[in-house]
Amino acid sequence: MAWFDEVLSIDKPQLRFAHISDCHLFAEVNECYFGVNCCDSLRLVLTDLAQQTLDFVIFGGDLTQDHSLASYQLFAQLVNEAQLPCPVLWLPGNHDELDCYQQAFSMLPSNVISRAKWVQSPNLTVALVNSKGSTPAGWVEPAHLTELVCKIKTAAEKNVVFCHHHPKAIAGYLDKHILENGEWFLTQLAQTEQVTTVFHGHVHNDYLQQHGELSIYATPATSIQFVKNSATWQQEDLGAGYRIIHSNQLGEISSEVVWLARK
């Protein structure tokens, strides 16, 4: 099965969905990532999402910090316990392994965690891209991007794309792990004239950039945040963050970041 073959169809003229990313879980629920209990932070975000009206949630990668299968199983457990009003879709980050996602999530029904990488609605299409490379930096395989562009050309007039790595430099520490073919990736998307917005995680804070007419949004982490535009690693205590995204009847996108204070 090709990456984009699994489709979530939503017959609604307007969508409301969430983007969460970078939870960096461990096998042990009490273990901390730079002083933050990532399990508690993710549970805080999921509890907040469970109280909202959403069509789906996209998890944007870097599920695990210790690379254990148990950390993926913990994510599945937390999502299942949260009883979200919609399915969670996922894509991989540089810390993640596809086999672990599939093994840990295979026992849950698709209305809890979905395998879909393509969301189809009357006025908007949402695509989830695999940007995991052979190093912590990102890489979108040419064949993968070709498949995406071909799908977009037969999709709705308005399309948004999600990936893990940032495709455009942020003048920050994580630029050493940027999407290495990001300029080409963005140019190919822009040339379709059907992609309006790209969302990513990875950079652990909120950014907004432009590539021509393309808007590029970074979503903060559910775990820890990094100081923006800093060439050295610096942590910033902003709480847990995620993004809510809306589309109107014309397929136009608006979004806002939600910050949650940790107890």
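Let's start with Asp55, which has a relative accessibility of 14%. That makes Asp55 buried, because anything under 20% relative accessible area falls in that class. Keep in mind that this is a predicted model.

**Asp55 and Lys12**

- Asp55 teams up with Lys12: their side chains meet in a salt bridge, at 2.7 Å from N to O.
- This pair links distant parts of the chain, as Asp55 and Lys12 are 43 residues apart.
- Look for Asp55 in the loop between α1 (38-50) and β5 (56-59), and for Lys12 in the loop between β1 (7-9) and β2 (15-20).
- While Asp55 is buried, Lys12 is partly exposed, at 33% relative accessible area.

**Arg43 and Asp40**

- Helix α1 holds both Arg43 and Asp40, which sit three residues apart, or about one turn of the helix.
- The two form a salt bridge, and the closest N and O atoms of Arg43 and Asp40 are 3.2 Å apart.
- Arg43 has 36% relative accessibility and counts as partly exposed.
- Asp40 is partly exposed too, with its relative accessible area at 42%.

**Lys132 and Glu97**

- A salt bridge also joins the side chains of Lys132 and Glu97, with 3.9 Å between N and O.
- Lys132 is in the loop between β8 (125-128) and α4 (142-153), and Glu97 is in the loop between β6 (88-90) and α3 (98-105), so the pair ties together parts that are 35 residues apart in sequence.
- Lys132 comes out as partly exposed at 25% relative accessibility.
- Glu97 is likewise partly exposed, and its relative accessible area is 41%.

- His202 is not a glycine, yet it has a positive phi of about 75 degrees.
- You'll find His202 in the loop between β10 (195-200) and β11 (207-211).
- With a relative accessibility of 3%, His202 is buried.
- Asn229 isn't a glycine either, and its phi is positive as well, at about 55 degrees.
- To spot Asn229, go to the loop between β13 (225-226) and β14 (235-236).

Technical notes:
Residues are numbered from 1 along each chain as its sequence is written. This is a predicted model: local features need pLDDT of at least 70, side-chain atom pairs count only at pLDDT 80 or more; totals for chains, interfaces and linings use all residues. Side-chain values use heavy atoms; hydrogens and water are left out. Helices (H or I, at least four residues) and strands (E, at least two) are DSSP runs, numbered from the N terminus. Buried means under 20% relative accessible area, exposed over 50%, partly exposed in between (1.4 Å probe, protein chains only). A salt bridge is a side-chain nitrogen of Lys or Arg within 4 Å of a carboxyl oxygen of Asp or Glu.
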